[in-house]
Amino acid sequence: MGGGAADERQRRVVSRAEPTLQHQLQEMASLPIPDELLGEILLRLPTPADLARSSAACVAFRRVTADRSFLRRYRKLHTPPLLGFLEESKFFHAATQPYPSASAASAVAVAADFSFSFLPAPACSWVPRDTRDGRVLLDRPTRIPTGDVFFPEVVVCDPLHRRYLLLPPVPDDLASTVEDLFWTRKRTKRLSVQIFLVPTGDEEEEAADETSFRVICMAQCKARLVAFVFSSNTGQWRAVPPRRWIDLSADLPRLTSRNRFYHHQYVYGCFYWTTGSIEESKLLVLDIKTMEFSIAKPPPEANGCLNFVMVEAGEGRPGMFVVQEPESSVPPDNRPTISYFIRQNDSGSSSRWRKVKETSLDFRPHFVCNMEKYPLLYQVRERSSQLKECCFTMDIETFQLEKVCYVESNEVFLRRLRAYRNFPPSLLSSPTISNGVEKKTDKGMLEQGCAASSSAESPRSGQC
């Protein structure tokens, strides 16, 4: 009897407490999650597709994901996927299945204008030279020399949002410092000038607008190295302190056709070029934080080799993949070898490289560029082979290849394939070029535009 009465009293207490507990749980469930906490949760979504689906779930999610500071943080944590390769002929090779970004690449191939018809007329005269951060740098010859040099006309654009910025010409006082360039076959000096985009550094991402960018124009003169930097924030070019070759390296008194530097590549805040000299190759290094040039030595196996790629090997150490051609033409000894080297930071020597791994492939590889720690290579089809030409990514630890897409391209143009990375049309794919009207600078016109404004203000596209 006593036990039954006690159980009855406990049931009554629980029954009275249940509504109170349920009410408290309902109140807790109805409490809004602070935007700061919600943003931290959404930042951890693994893919842009997951973020897009979450933003459509409710108004609160949409408000947080549409915030520019949130999008900037998400893009910093989640690098944009590789969508394909852009040729100088303006043909875009989109990534195909089963590559992870194939669906995003298909969407971008439809939405973007890789014919660049929105650029100042005639649009067919522009040639893609570089890609970075969703932007494309193009140039076209100019008939008016700046000083003694034919600097090309340069434009940086966003093909996905059809916006562009036409850069002003290099001012005369800067151009006059460029002298003693190499002559090309057409008796002009255009090919001795390299113009390329600069990656946005971590410090700049925090301080600058997302549409801000920089461009470097570098001229390899016979006696010295000259470079200029354009900033979209100021709309002006400024000079980088020139360096004499002999000051960079005692055994490099003058530049010749045999020791010129080719094929810029970027890893860990530095651009690298190589001479490809058979005797002893050199690496020209440009630190974009200090804008200072220096000379380093590549691995001995890289002497005379232009088929290489730089990668980020981890812990701030640059790595290098080098293709070594076979000495024999008899199978199975006729397969090319890929060697992987990492530059060592111990002992303070910049010329110490350690070979990490070596492997051979069943096809002729040609390195195109890098994607941080992933080299991008092209499978060159032999005449007797039935294999199709493909572009691959390679894992630097396992050497595992992953096919990105098929590419039918002449071997001469392999180095002119540019990797295009961007987010597909979504919240994350905000414009990388600011939209505006024409602005005057001290040394010419700085023209900004988008597809709508350029079609209204520019003359109709001419014929080439």
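Visitor: Why is Glu40 called partly exposed?

Guide: Glu40 has a relative accessible area of 29%, and the term covers what lies between buried (under 20% relative accessible area) and exposed (over 50%), with a 1.4 Å probe and protein chains only; Glu40 therefore counts as partly exposed. This is a predicted model, in which local features need pLDDT of at least 70 and side-chain atom pairs count only at pLDDT 80 or more, while totals for chains, interfaces and linings use all residues. Residues are numbered from 1 along each chain as its sequence is written, and side-chain values use heavy atoms, with hydrogens and water left out.

Visitor: What makes the contact of Arg73 and Glu40 a salt bridge?

Guide: The term asks for a side-chain nitrogen of Lys or Arg within 4 Å of a carboxyl oxygen of Asp or Glu, and the side chains of Arg73 and Glu40 meet at 3.0 Å, N to O, so the pair meets the definition. The two residues belong to distant parts of the chain, with Arg73 in helix H5 (residues 68–77) and Glu40 in helix H2, 33 residues apart; helices here are DSSP runs of H or I with at least four residues, numbered from the N terminus. Arg73 is itself partly exposed, because its relative accessibility is 41%.

Visitor: How many salt bridges are there in the structure, and what separates Asp50 and Arg53 in helix H3?

Guide: The structure holds 10 salt bridges, among them the one between Asp50 and Arg53, at 2.5 Å from N to O. Asp50 and Arg53 are separated by about one helical turn, because they lie 3 residues apart in helix H3 (residues 48–55). Arg53 counts as exposed, since its relative accessibility is 55%.

Visitor: What about Glu358 and Lys355: how do their side chains meet?

Guide: They form a salt bridge, at 3.0 Å from N to O. Glu358, with a relative accessible area of 45%, is partly exposed, and Lys355, at 38% relative accessibility, is partly exposed as well. Elsewhere, salt bridges that share partners join Glu40, Arg44 and Arg73 into one network.

Visitor: How do you know how many disulfides there are?

Guide: A disulfide is a pair of cysteine sulfur atoms within 2.5 Å, and by this rule the count comes to 0. Cys369, for one, is in no disulfide, and the nearest cysteine sulfur, that of Cys391, is 8.3 Å away.
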